Each structure stands twice: as C-alpha cells, then as structure tokens.
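This report covers one protein model.

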Amino acid sequence: MTDRIVTTGIKGNTYKSLFRKQIIRVKPPAVGLAVAYVSVFGVNLVKKILDEGKVKEVRLVTDVNDYVTHPRALENAINFGWEVRLAERSSGTFHPKLYVGAESFGGPTGLKDPSLAVIGSPNISQNGFLKNGECVFLSVTPNSWRSAAIAWHDCWKAGVPVTESMLTTYELEFALRNRSRAPQDMATLGVVDRLPEQHDGKPKKGVSPPKREHKAISEEAASVARAGLESITGQRTLQVEFPKEAGLVLQRIFSKVTKEDEVDILCADGEFRTFKFRFYENNGMFRLNIPNSTPLVDWARKHRDGIAYVEYNELNDYFYAEILRPGDRVTNIVSRSFAFGTWGRTPTRLYGWY
C-alpha cells in the first residue's frame with residue numbers, strides 16, 4: 001500500500017515515467033481517465049503505456065467547452081476502442097486530472113476493486129507528461145478506495161457518450177475558436193504538441209508537411225486558405241494557384257453562395273470585387289483570378305513574394321481576400337497553419353488552410 005505526494009518535471013523526472021511505472025507495476029485490467037484536455041501526442045503516448053500494462057478496458061472523459069482538446073485525439077481514442085465521453089458543462093471548465101485503475105468498471109461506485117489512483121495536475125498532453133512541473137497524489141491499493149471510485153463515477157457521469165455528429169460539430173467549432181489564438185498560446189495550452197521550427201515565416205529546411213492523420217482539422221472544417229505568390233501568372237487578372245487541400249477549402253466555402261465560377265469578395269480597401277475561381281484537371285490545381293484593381297496586385301507581380309489570403313467570415317457571412325507582403329501578419333498566419341498541421345508545399349510555394 002503506497003500513498004504519497006510527488007512532483008514531476010521539476011527535478012528531472014517526468015509524469016510519463018511515474019505513470020508508466022505504476023501501470024506496469026499494478027497492471028490494472030481497467031483504467032479510467034478524467035482530464036480537462038487531451039492532445040494527439042498525449043493520447044498516443046497513454047495508449048502505448050496502457051498496452052505495456054496489458055490494460056484491457058479504457059474509459060476517457062474530457063472537456064470540450066474550452067476548445068483545447070484536439071479532435072484528432074478524440075478520434076484516435078475511439079479508434080483505439082476506448083469508451084469516450086465529453087463533459088459539456090454550462091458554466092466553468094471540466095477540470096479534473098484523475099487517473100484510476102481497477103479490476104473492472106461498474107457497480108454502485110463506478111469501479112470494482114480499485115488498485116490505483118493518481119490525482120494531480122497533468123493533462124494528457126506532451127507538456128503534461130514530459131515537460132511541465134506537475135504535482136500528483138499517488139495511491140496504490142488506495143486506502144480511501146471508496147472515495148476514489150466515487151470521484152471517478154462523478155467525473156464519468158458528468159460526460160455524455162460521444163457521437164460522430166458531435167465530433168463533426170466540435171471540429172468545426174474547434175477550428176473557428178483557435179483561428180484567433182496566437183500559435184504560441186496554442187502550444188502552451190496543449191492545443192498542439194509543438195510548433196515546427198521556422199525562419200521568416202517558413203519551415204526550416206528538412207521540415208516536412210505532416211501526414212493527413214496529424215492534421216488538426218479537415219478541409220471540411222476550415223474557412224481560411226492561403227497560398228504563396230512565388231509562381232503567379234496572368235496579365236488581365238492575377239492568377240494564383242491553390243494546391244488541392246487549400247483549393248478544396250475555397251471550393252467548399254464559395255459553394256455556399258454560388259454554383260458559378262464568380263464570387264464577390266471584400267478586399268483590404270473596403271471594396272467588394274468579383275473574383276473568378278476554377279478547378280483545372282490537367283494539373284490538379286484550383287485557380288483564383290484576382291482583379292487588377294485589388295490592392296498590392298502590382299507589388300505581387302513585381303516581387304513574387306508574400307501570400308494570397310482568403311477567409312470566410314461565418315459570423316457576418318461574407319468573404320474576405322487580401323494580398324499580404326512578408327512581415328508579422330504573414331508569419332502569424334503561417335505559424336497558425338503550422339500549429340494546426342494544415343500546411344503543405346509544392347516545388348514553388350507554401351500553402352495552408354485552417
């Protein structure tokens with residue numbers, strides 16, 4: 001029987017090593033996880049640890065009201081065979097950090113024969129398990145096993161079973177809410193596990209675009225697309241090519257207002273202009289024709305730099321487009337796309353969406 005209070009991430013140890021040691025030592029057949037936030041790295045790491053401990057049944061309940069828990073993390077947990085619930089409180093954040101082990105789930109207190117309880121500060125994230133200074137109360141074969149079971153039961157009952165439609169809705173809102181968060185804040189909160197190294201708004205050499213399963217949101221949930229202006233064409237109008245993923249975002253948001261290839265878009269000078277948008281099968285690219293009167297078109301033709309930025313404003317139901325020169329705004333937009341993992345590159349330019 002062990003009861004103690006332990007810090008992690010302060011003296012060189014990590015919560016990962018503590019949690020892994022106890023799971024392998026106790027080998028509980030069932031593990032319950034009740035935390036505020038879950039990241040992709042975090043849920044994948046916990047899966048590996050639980051597999052080492054031969055855990056057979058896992059339940060996860062987490063908060064989604066703050067839009068920090070990653071939609072891909074929830075999808076992964078479901079695909080792992082975990083039972084997942086979302087805590088949707090009308091006020092305040094669902095904020096426990098409770099990790100329990102038992103012989104099984106069930107009974108009036110929610111757990112049968114509890115064997116492990118770790119109550120402390122880490123979320124299921126890279127920072128929580130590997131970096132942060134955290135503090136936990138650890139109890140093996142808990143003295144107060146009944147209270148540990150009841151606490152778990154309270155947390156589990158606070159959630160509702162996740163459905164496919166709930167995940168779809170959450171992904172859309174997650175994308176919208178995080179569009180206004182600074183990229184570094186997203187990393188600090190654990191919305192993303194890390195930001196790619198970059199220089200002057202571009203990923204450093206050797207940094208590859210993330211695989212599809214590591215992208216925070218799908219094209220169906222995005223409302224912003226951008227593409228570099230290094231390889232523009234066209235004299236009558238400025239022609240900007242958007243590679244597939246970014247182009248699919250534009251195709252989806254433009255289809256809300258028209259089935260034709262023309263769409264009225266608000267520009268940086270406060271004027272609406274008619275843009276043309278088409279898909280070209282020969283190269284798999286989507287092309288946006290930007291009127292010559294749009295601000296900075298001449299600059300883009302001369303310098304072949306910066307980005308074309310297009311956004312759908314859901315709240316006021318209009319489209320906005322702007323040519324942006326290199327600088328802090330471009331770096332911030334590109335960094336946010338890096339944070340979401342929603343970016344790619346062709347031989348000539350970077351592009352992204354979120």
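Helix 1 (residues 15–26) packs against helix 2 (residues 40–52) at an angle of about 30°, and their axes lie 8 Å apart. Axes here are lines fitted to C-alpha atoms, for helices over the stretch in contact, with angles running from 0 to 180 degrees between N-to-C directions. Helix 1 is therefore roughly parallel to helix 2. Angles under 35 degrees count as roughly parallel, over 145 as roughly antiparallel, 65 to 115 as roughly perpendicular and the rest as oblique. The crossing of helix 1 and helix 2 is right-handed. That term applies if the near helix is turned clockwise from the far one by less than a right angle, and left-handed if anticlockwise.

The model is predicted: local features need pLDDT of at least 70, side-chain atom pairs count only at pLDDT 80 or more, and totals for chains, interfaces and linings use all residues. Residues are numbered from 1 along each chain as its sequence is written, and side-chain values use heavy atoms, with hydrogens and water left out.

**Overall make-up**

The protein chain has 10 helices and 19 strands. Both are DSSP runs numbered from the N terminus: helices are H or I with at least four residues, strands are E with at least two. Along the principal axes, the C-alpha atoms fill a box of roughly 80 × 40 × 35 Å. Of the 354 residues in the protein chain, 52% are buried. Buried means under 20% relative accessible area, exposed over 50%, and partly exposed in between (1.4 Å probe, protein chains only).

**Positive phi**

Lys54 is not a glycine, yet has a positive phi of about 60°. Lys54 sits in the loop between helix 2 and strand 3 (57–63). Its relative accessible area is 59%, so Lys54 is exposed. Tyr67 also has a positive phi of about 60° and is not a glycine. Tyr67 is placed in the loop between strand 3 and helix 3 (71–79). With a relative accessible area of 14%, Tyr67 is buried.

**Salt bridges**

Side chains of opposite charge can pair when their charged atoms come close. The structure holds 15 salt bridges. Each needs a side-chain nitrogen of Lys or Arg within 4 Å of a carboxyl oxygen of Asp or Glu. Among them are these pairs:

| Pair | Closest N to O distance |
|---|---|
| Arg179 and Glu311 | 3.4 Å |
| Arg349 and Glu241 | 3.7 Å |

What does the salt bridge of Arg179 with Glu311 link? The pair joins distant parts of the chain, 132 residues apart. Arg179 lies in the loop between helix 6 (164–178) and helix 7 (183–189), while Glu311 belongs to strand 16 (residues 307–313). Arg179 is buried, at 12% relative accessible area. Glu311 is buried too, at 19%.

Arg349 pairs with Glu241. Arg349 is in the loop between strand 18 (343–345) and strand 19 (350–353), and Glu241 is in strand 12 (residues 238–242), so the pair ties together parts 108 residues apart in sequence. Arg349 counts as buried, with 7% relative accessibility. Glu241 is buried at 17%.

Buried or exposed: which describes Glu322? Glu322 is buried, with a relative accessible area of 14%. Elsewhere, a network of salt bridges links Glu57, Arg59 and Glu83.

**Aromatic rings**

There are 20 aromatic pairs in the structure. One of them is Phe279 with Phe286, a tilted pair at 4.7 Å centre to centre and 45° between the planes. Rings of Phe, Tyr and Trp (its six-membered ring) pair if their centres lie within 6.5 Å; planes under 30 degrees apart count as stacked, over 60 as edge-to-face and the rest as tilted. Phe279 is partly exposed, with a relative accessible area of 40%. Phe286 counts as buried, at 3% relative accessibility. Ring pairs join Phe254, Phe277, Phe279, Phe286, Tyr312 and Phe319 into a cluster.

Charges also sit over rings. Lys47 lies over the face of Phe80, 5.2 Å from the ring centre. Arg287 lies over the face of Tyr280, at 4.4 Å from the ring centre. The criterion is NZ of Lys or CZ of Arg within 6 Å of the ring centre and within 35 degrees of the ring normal.
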